[in-house]
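Thanks for sending this one over. Here are my notes, in numbered points, for you to read alongside the coordinates.

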Amino acid sequence: MKLFKSLVVLCCIILWFGCQNKSTSKQTEQQPNPKPNIIYILADDLGYGDLGVYGQTKIETPNIDALANEGMLFTQHYSAAPVCAPARASLLTGLHGGHASIRGNDEWQERGNVWNYRAMIKDSTLEGQRPMPKNTVTMGQLLQSANYKTAIVGKWGLGAPQTESIPTKMGFDYFFGYNCQRQAHTYTPVHLYENENRVYLRNDTIAPHAGLSKDSDEFSQDAYAKFTQPDYSPTLVFDKMMGFIEKNKKDTFFMYWASPIPHIPLQAPQNWIDYYVKKFGDEDPYFFKKGRGSYFPARYPRATYAAMISYLDENVGKLVKYLKEEGLYDNTLI
């Protein structure tokens, strides 16, 4: 809860700066904008023990570790809930579970067969979770009122496409990523959203929880080939995030990078998987063959999990490098 109170205080301070700026002299108006850019990175299901700065010795996270070494280390930074939607709702609203409208992963099942992945692709009214009320006040709206350009990339999970509870109606000028957290159960989805419109990708329809073929050899890499498809969503999300920052670098911006990494399924760029297979050595595969199972199988599960985290860390490094090259780093809270 300390985090949420701090965020509200931060927004109030920013609003105060905004009011002060209106009454400044011409000399002050010529000074650089004193309000900091804000980038909030939420890594879905990342345990603090997965990072080098908190003691991890096997998974390499040099760029995140560098942020900690150069800045502040949080040791009382708690989630408001153990599952996705209510934790995100509390983060955005500053409300704890007793006051928040979203108190669980409510898939809004009275709409129909919402768990049918193929049905959701055909019918967007089956996507998304139960929405927040229309009058909900979010951190994004507070920052918009302080003249921030606001964006979220990654995973939303707080309202279906046809409702009022979508990013562009809840305080964000720009959105790219997953509207529906169920569809985020694959990193190679058929589509993502840009603002209020679907963006179709080059991926085939492989429903989450699909297993290996009946007669496949679980020790053969070829058995897992169908789970590697052209468009890897974290790469697309990162590129859109960098595009937003580039477009708005002369303004003051708030970027909410809601990365789905490293939430399962286990899917990562092959170069990072190969790196950790070489580092860790061979291991037993994770797989299932009959019926539904837990997300997707993986030939090298531990190596793939480490690969996902290091890929996220690699992109954090690219972000920091860009901010420094553009002269934005010293006036950006990450």
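1. A definition to begin with: a residue is called buried when its relative accessible area is under 20%, exposed when over 50%, and partly exposed in between. Please also keep in mind that this is a predicted model. With that cut-off in hand, look at strand S2 (149–155). Six of its seven residues are buried, so S2 is largely enclosed by the rest of the structure.

2. What surrounds S2 in the sheet? On one pairing, six bridges join S2 to S6, and the two strands run parallel. Valine 153, for instance, has tryptophan 257 of S6 as its bridge partner. S2 is also joined to strand S3 (residues 174–178), again in parallel, by five bridges. Here isoleucine 152 is partnered with phenylalanine 175 of S3.

3. Stepping back to the whole sheet, seven strands make up an open sheet with mixed pairing, in the order S5-S4-S3-S2-S6-S1-S7. At the edges are S5 and strand S7 (332–333), each of which pairs on one side only. Helix H9 packs on this sheet and touches strand S1 (37–43), S6 and S7. The direction of H9 makes about 170 degrees with that of S6.

4. Where does an antiparallel pairing come in? S3 and S4 pair in that sense, over two bridges. Phenylalanine 176 has its bridge partner in S4, namely glutamate 194.

5. Two peptide bonds deserve a look in your viewer. The bond joining isoleucine 261 and proline 262 is cis, with omega about 5 degrees. The bond from isoleucine 264 to proline 265 is cis too, with omega near 20 degrees. Proline 262 sits in the loop between strand S6 (253–259) and helix H8 (270–280), and proline 265 lies in the loop between S6 and H8 as well.

6. Finally, the backbone at two asparagines. Most residues other than glycine have a negative phi, and most peptide bonds are trans. Asparagine 147, though not a glycine, has a positive phi of about 70 degrees. This residue is in the loop between helix H6 (139–145) and strand S2. Asparagine 195 likewise has a positive phi, near 55 degrees, and is found in the loop between strand S4 (191–194) and strand S5 (197–200). Are these two residues buried or exposed? Asparagine 147 has 58% relative accessibility and therefore counts as exposed. Asparagine 195, at 29%, counts as partly exposed.

Conventions: Residues numbered from 1 in each chain as written. Predicted model: local features only at pLDDT ≥ 70, side-chain atom pairs only at ≥ 80, totals over all residues. Heavy atoms only, no water. Helix = DSSP H or I, 4+ residues; strand = E, 2+ residues; numbered from the N terminus. Buried < 20%, exposed > 50% of the residue type's maximum accessible area, 1.4 Å probe, protein only. Pairing = 2+ DSSP bridges. Contact = heavy atoms within 4.5 Å. Axes fitted to C-alpha atoms, helices over the stretch in contact; angles between N-to-C directions.
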